[in-house]
Amino acid sequence: MNQYIINGQHPLHGEITISGAKNAAVAIIPAALLVDGVCRIENVPQISDVTLLFSILEELGAKVTHLSEHSVEIDARTVHSTQPSFDLVRKIRASYYLIGALLGRFGEATVAMPGGCNFGVRPIDQHVKGFKAMGAEVTEGNFVHAVAKDGRLKGATVYMDVVSVGATMNVMTAAALAEGTTIIENAAKEPHIVDLANFLNSMGADIKGAGTDTIKINGVDQLTGGTYGIIPDQIEAGTYMTAVAAAGGELLIKNIIPKHMDCITAKLVEMGVHVEEHEDTLLVRRDQPLQRAKVKTQPYPGFPTDMQPQIAAVMTLAQGTSIVTEAVWSNRFRYVDELKRLGAEIQVDGRVAVIEGVEKLVGAPIQACDLRAGAALVVAALAAEGTTEISQIQFIERGYENLVGKLRSVGADIRIVDLPEGSYCSDPGACC
Ligand code: EPU
């Protein structure tokens, strides 16, 4: 069990290169199961969720060959099972993408109900609705068991009752090899949805409209392989933007798609942060006091829920009263108690957090309770006076490649230490 030790108040200076997008990678890697050939994926982030997915694919019989640090070849021609093991699947929320991929390719899937970060009810009814519309019989319990009648899904029109990233990607994946045309209405529009569609198209699929609210998938008989590079991670980039907003200094954030950052950039500029946009970089500088702001999370192109904890951490140091409304998840403020331990003044009422800016935060022992909550604690700790110890960092490592190395390279005083056994909470769910 490791923890981060952060000595705060060191302004950040230098360059950080953004890795491949986690939420694209965790959909694209399972979607490689659809491919009847070798598919090469580049710009793969080195994070624990991705490592876990590779283990699941290997267990199903796929050959996974690591070509370099961020480049991998997946050959799914040798897959012999449609039932990944319970223990692996339960560790990661994105394992629900295995249902769409296995069902699409083999007409059958048996996958444990997914695990992952817990910040509210996480139903998969819209995924199931899509599979059923395409002719699958689906039973749910501890496992989701889905079988396509006659062995192959049939194209259908699916109207999503809620805008869901996961359901859009899962139904799109399953439909790529279905017989006939599938139309997804009220689809989510996140950059990773476009990325998954581009990946599938590069392997031979016929998908149009990804990035709009209507996606049309003309099913093909086979996907044959190819090479694809994952887009940069919008949320990782946004997290480093908030890090420099909180700690001060100037960072050049490299390997990004500026358009994807607009919703985050606009909010930070409103708060007094200087952001200069270039072709595939952003220069972010904070050299004046932060101003209060209001933010409400929304599906893309709105402000992302996955940046909500990090922007809230910045708001703890802004002049005046800031307001955060979480409109996507029902319980995504569990990190607030940890920020309060650093001296933040925050009141939560349901889905709204009211933040009174304070002059300074002061380091203390705190715990991450999910991935983005953990990132927010790092952002706050970088700005806090004195030493902050952050435990339960395995949550953070699910989604940030080399967070410590990247931050150290720009002047942050952060290191990982081993926590002696018995000195940490054995029940992370109960901790925060
Ligand atoms: N929802 C339903 N029914 C469904 C699916 C979703 O009611 O069948 C509801 C959810 O309860 C939620 C809303 O729809 O209130 C949006 O959920 P969505 O399906 O979009 O979320 P997700 O696909 O499970 C992905 C990301 C999350 C991110 C959300 C929203 C992955 C693996 N996860 O989750 O990322 O918060 O989209 O953008 O892509 C993270 O990276 O830290 C993270 C949690």
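The predictor's confidence in each residue is expressed as pLDDT, on a scale from 0 to 100. The structure is a predicted model, in which local features need pLDDT of at least 70 and side-chain atom pairs count only at pLDDT 80 or more, while totals for chains, interfaces and linings use all residues. Residues are numbered from 1 along each chain as its sequence is written, and side-chain values use heavy atoms, with hydrogens and water left out.

The average pLDDT of the protein chain is 95. A score of at least 70 is reached by 96% of the residues. Residues 426–432 stay under 50. For this segment the model has eleven contacts (heavy atoms within 4.5 Å) beyond four places in sequence. Where pLDDT is low, predicted coordinates should not be read in detail.

The protein chain holds 15 helices and 23 strands. These are DSSP runs, numbered from the N terminus: H or I of at least four residues for helices, E of at least two for strands. The radius of gyration, taken over C-alpha atoms, is compared with a globule rule of 2.2 Å times the number of residues to the power 0.38. For 432 residues, a compact globule would have a value near 22 Å; the protein chain has 21 Å, which agrees. Its C-alpha atoms fill a box of roughly 65 × 45 × 40 Å along the principal axes. Of contacts between residues at least 6 apart in sequence, 73% join residues at least 24 apart.

Buried residues (under 20% relative accessible area, 1.4 Å probe, protein chains only; exposed is over 50%, partly exposed in between) make up 58% of the 432 in the protein chain. The protein chain exposes about 16000 Å² (Shrake-Rupley method, 1.4 Å probe). Carbon and sulfur atoms supply 47% of that area.

Helix α4 spans residues 97–106. Eight of its ten residues are buried, so the helix is largely enclosed by the rest of the structure. The buried set runs through Tyr97, Leu98, Ile99, Gly100, Ala101, Leu102, Leu103 and Gly104. Gly107 follows α4, with a positive phi near 75 degrees.

Ile253 lies in strand β14, residues 249–254. Ile253 is buried, at a relative accessible area of 0%. Ile16 is 237 residues away along the chain, yet the two C-alpha atoms are separated by 5.1 Å. Beyond neighbours within four places in sequence, Ile253 is in contact with Ile16, Ile18, Ala237, Tyr240, Met241, Asp280, Thr281, Leu282 and Val284.
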